[in-house]
Amino acid sequence: MLAAFATAAGGPRPLDNLTVGAREVPTPSRGEVRLRTRAASLNRHDLWTLAGVGTPASFPWTLGCDVAGTVDAYGPETPERLPLGSSVVAHSVITCGVCAACLGPDETSCRKFAMLSEGSWEGTFAEYCVVPAINLFALPADLSFEDAACLPTSFLTAYRMLFSKAQLRPGDTVLIQGASGGLATAAEALALAGGMRVIVTSRDPAKLAAALERGVHHAVGAGKEAVGEVMTLTAGTGVDAVIESVGEATWATSLRVLRRGGTVVVAGATAGADPPADLRRVFWRQLRVIGSTMGTWDEFAGLLNTVRATGLRPLIEQTYQLADARAAFERLESGQVTGKLVLISG
Ligand SMILES: NC(=O)c1ccc[n+]([C@@H]2O[C@H](COP(=O)([O-])OP(=O)(O)OC[C@H]3O[C@@H](n4cnc5c(N)ncnc54)[C@H](OP(=O)(O)O)[C@@H]3O)[C@@H](O)[C@H]2O)c1
Ligand SMILES: [Zn+2]
């Protein structure tokens, strides 16, 4: 079968580690299901893997965290959760299922937490992929494979950040750092669907204009002037929460635009992971700094219900044939993408 996989990790040019070529069709074991992949979206995570962050156990190693497709075959003694041929989207989080965290309300704290393409699980950029059978969800009616393939990482992460971690309500004001990335545009779509007042930042005036056309309430430049602009927009109060995934380049702003008692939820550090902590501001203004990663099975179900109820759809910049995966990776690495990139096959 055709697949996009890593043959090594690290080095000065991570994309040199990417190969698009033939792999064996995987065989599902007990508790697993093989999918015929129809669409799989790219995430920065795939570039991190090529760069040597979270190096795979072995090579070659198929990349990709997100998949939508059809049920092809169950492993031995595996109950058929959905009939063969069903259209499905896979929850990307894999946990042990038996530890205290897994049996409690938040299995993402499982010490064996992994995403598809991590640990012992190869990824989804292939004509066929294997996932745990319990991770299958029926595709919501009217949702395309391409749209569904954007949900498991970017949208699930944004859903948990907004609704579970920051506990935002309709009418609250949220600032999202970045106006173009997969996670940032997912947060934007979900926050608008959730009735929030949405402010985005970007380094690029064209991206700010595009965000306003998509319906965000305010879009401000990501530079030093951002703090003053946001305080003016909020009548000097600040925002209820910041959705942060950029890191060093935006962290100081994130702390300074929060209202007293406000919450910054952080899920990434693209621009660096070690900004000044500004502890005086944190305690004096009683800020909440909360980390977040992916989401639970229950939150993924809630996300799919939100998609069904609101009709929201991911912003997809472009789809590529799986055979053209290299072009998609190059585009993601350019940093110019607005929304998601999706690989299609079959
Ligand atoms: N913890 C989790 O579960 C989880 C899940 C998903 C993603 N993430 C992390 O979140 C981050 C974003 O992921 P993604 O897939 O959305 O990646 P992406 O598509 O590459 O995100 C690019 C975004 O980052 C902003 N950005 C990048 N560098 C910047 C800089 N120096 N200054 C200001 N803004 C900058 C861009 O904003 P503008 O171009 O508009 O300025 C754009 O919105 C990554 O670090 C990823 O690993 C974590
Ligand atoms: Zn566990």
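A polar contact is a pair of N or O atoms within 3.5 Å; within protein, one atom must be able to donate a hydrogen and the other to accept it, and residues adjacent in sequence count only if both atoms are side-chain atoms. This is a predicted model, in which local features need pLDDT of at least 70 and side-chain atom pairs count only at pLDDT 80 or more, while totals for chains, interfaces and linings use all residues. Side-chain values use heavy atoms, with hydrogens and water left out.

**Exercise 1.** Determine which polar atoms of the protein lie beside ligand 1, and how much of the ligand the protein buries.

*Solution.* Begin with threonine 293, which has a polar side-chain atom 3.3 Å from a nitrogen atom of ligand 1. Turn next to lysine 207, where an N or O atom of the side chain is 2.7 Å from an oxygen atom of the ligand; at glycine 181, a polar backbone atom is 2.9 Å from an oxygen atom of ligand 1. Finally, of the 920 Å² that ligand 1 exposes when taken alone, the protein buries 87%, with accessible areas from the Shrake-Rupley method with a 1.4 Å probe.

**Exercise 2.** Decide whether arginine 160 is buried or exposed, and find its side-chain partner.

*Solution.* Because its relative accessibility is 5%, arginine 160 counts as buried, a term that means under 20% relative accessible area, with exposed meaning over 50% and partly exposed in between (1.4 Å probe, protein chains only). The side chain of arginine 160 then makes a polar contact of 3.0 Å with that of glutamate 299. Leaving aside neighbours within four places in sequence, the residues in contact with arginine 160 include Asp106, Thr293 and Glu299, where contact means heavy atoms within 4.5 Å.

Methods:
Residues numbered from 1 in each chain as written. Chains lettered and ligands numbered in written order.
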